[in-house]
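Subject: Structure handover

Hello,

Here is the structure I promised to pass on.

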Amino acid sequence: MKGISTARVKQAKACFCALGSITTRSQFGGYGLLADGVMFGVIAEGELYLRATDSLEPAFRARGMVNMVYSKRGVPITLRYYWVDESLWRERDELIGLARQAIQEAYLELQVKTDTHGRLKTLPNIDINMERLLWRVGIRNVYDLRLNGAKRSYLRLLQQQRNLGLRVLLSLGGAIAGYHHAALPLALRSELTEWFEQTMALLSHGHTPGIRGVMKDLA
């Protein structure tokens, strides 16, 4: 089946090349199909399924498309991906049009999700330059920053730019807690300062562990 799916991936890339940079990643035991990083379809067991949203699902059903069913630990799960049959493959213009809609809808959903989680630059101490630095290390919104915390976020930044000082750490801590870095509560400032000094001491002795290693050493 892998060979069949590989052939279908090649066919899909050729068909949808005008819609963006088409790439794949592992998904549901097959391949997720992405256009400029936005997933709009899945290829599994040699078949293509397009991703649906609330507004797009009726159009797929009206076309007679049926849901993908994925088995997880023996339990069938109905997914919001709809099967592209051979007749639709032959209707190339219609297929490309449906794929374009799937990409647009997926992108809009992604935007809504990002907006819901909040732009980083809306937080205290985070300007557009700091936001871009955080984006580069995979911290793309307020939710991501709070999930990682100030220390882990600082260590991620440190992997990209080694000359970051205490003020960056305090700024991250303040952003999460809702304070300007100059007005941090004393307890939080002291905790972050002590942690910063320990981290710098480790680095000065030639220790360059990954994020998990540093966190373990400083626990």
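Below is what turned up, sheet first, then cores, then a helix pair.

This is a predicted model, in which local features need pLDDT of at least 70 and side-chain atom pairs count only at pLDDT 80 or more, while totals for chains, interfaces and linings use all residues. Residues are numbered from 1 along each chain as its sequence is written, and side-chain values use heavy atoms, leaving out hydrogens and water.

An open, antiparallel sheet is formed by 6 strands in the order β1-β2-β3-β4-β6-β5. Strands (E, at least two residues) and helices (H or I, at least four) are DSSP runs, numbered from the N terminus, and two strands pair if DSSP finds at least two bridges between them. β3 and β4 pair over 4 bridges, with Gly 41 opposite Leu 50 in β4.

The largest nonpolar core has 26 residues, and Phe 16, Phe 40 and Leu 50 have the most contacts inside it. Such a core is a set of buried Ala, Val, Leu, Ile, Met, Phe, Trp, Tyr and Cys residues joined through side-chain atoms within 4.5 Å; buried means under 20% relative accessible area with a 1.4 Å probe, protein chains only. α4 gives the most to this core, with 6 residues. Apart from it lies another core, of 24 residues, including Leu 120 and Ala 150.

Best wishes

Definitions and conventions. Buried < 20%, exposed > 50% of the residue type's maximum accessible area, 1.4 Å probe, protein only.
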